[in-house]
Amino acid sequence: MTAGKAQPDVLNGPFTTRQLLRLDEALRLADSSTGLTFSIYVGDLDEPARASAEKLHGQLADPPHSVLVAVSPNQRLLEIVTGGEARRRLPDRAAKLAALSMAAAFGGGDLAGGLVAGLAQLADHAGRA
């Protein structure tokens with residue numbers, strides 16, 4: 001660490017502290033309002049990307065009730081993976097609409113804002129448990 005840069009390494013990612021707090025709040029709201037578990041992965045995905053995202057989803061604590069939003073900015077990829085129970089409330093059409101909304105924000109350079117908006121859109125569509 002250099003003088004004046006006493007931040008933990010975890011904060012040296014693509015998000016500012018304020019953005020991380022917004023993302024954390026968006027995840028909490030999505031979880032509490034739907035009863036599902038939402039997760040975000042930001043980083044490179046192995047090829048094929050869909051299979052890589054599905055593998056990450058399978059490692060979550062409760063995959064059937066989980067939704068994973070996997071974003072690879074370097075590869076310009078976005079995958080939304082829903083577990084069996086989550087898919088009943090979030091059909092592919094709803095996930096695609098949220099993905100389009102997120103991609104538009106990402107294209108404008110707003111990774112955190114796109115994720116926050118996408119999570120809200122997914123949670124709104126899933127509704128209450």
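The model is predicted: local features need pLDDT of at least 70, side-chain atom pairs count only at pLDDT 80 or more, and totals for chains, interfaces and linings use all residues. Residues are numbered from 1 along each chain as its sequence is written, and side-chain values use heavy atoms, with hydrogens and water left out.

Helices (H or I, at least four residues) and strands (E, at least two) are DSSP runs, numbered from the N terminus. Strands β2 (residues 66-72) and β3 (residues 77-82) pair in the antiparallel sense through six bridges; pairing requires at least two bridges found by DSSP. V69 stands opposite I80 in β3. Four residues separate the two strands of this hairpin, and R76 in the turn has a positive phi of about 60 degrees.

S72 belongs to strand β2 and is buried (under 20% relative accessible area; exposed is over 50%, partly exposed in between; 1.4 Å probe, protein chains only), at 0%. A polar atom of the S72 side chain lies 3.4 Å from the backbone oxygen of G43.

The whole structure holds five salt bridges (a side-chain nitrogen of Lys or Arg within 4 Å of a carboxyl oxygen of Asp or Glu), including the following.

| Pair | N to O distance |
|---|---|
| D24 and R28 | 2.6 Å |
| R28 and E25 | 2.7 Å |
| R88 and E85 | 3.1 Å |

D24 and R28 lie four residues apart in helix α1 (residues 17-34). In helix α3 (residues 84-89), R88 and E85 are three residues apart, about one helical turn. Shared partners join D24, E25 and R28 into one network of salt bridges.

Technical notes: A polar contact is a pair of N or O atoms within 3.5 Å; within protein, one must be able to donate a hydrogen and the other to accept it, and residues adjacent in sequence count only if both atoms are side-chain atoms.
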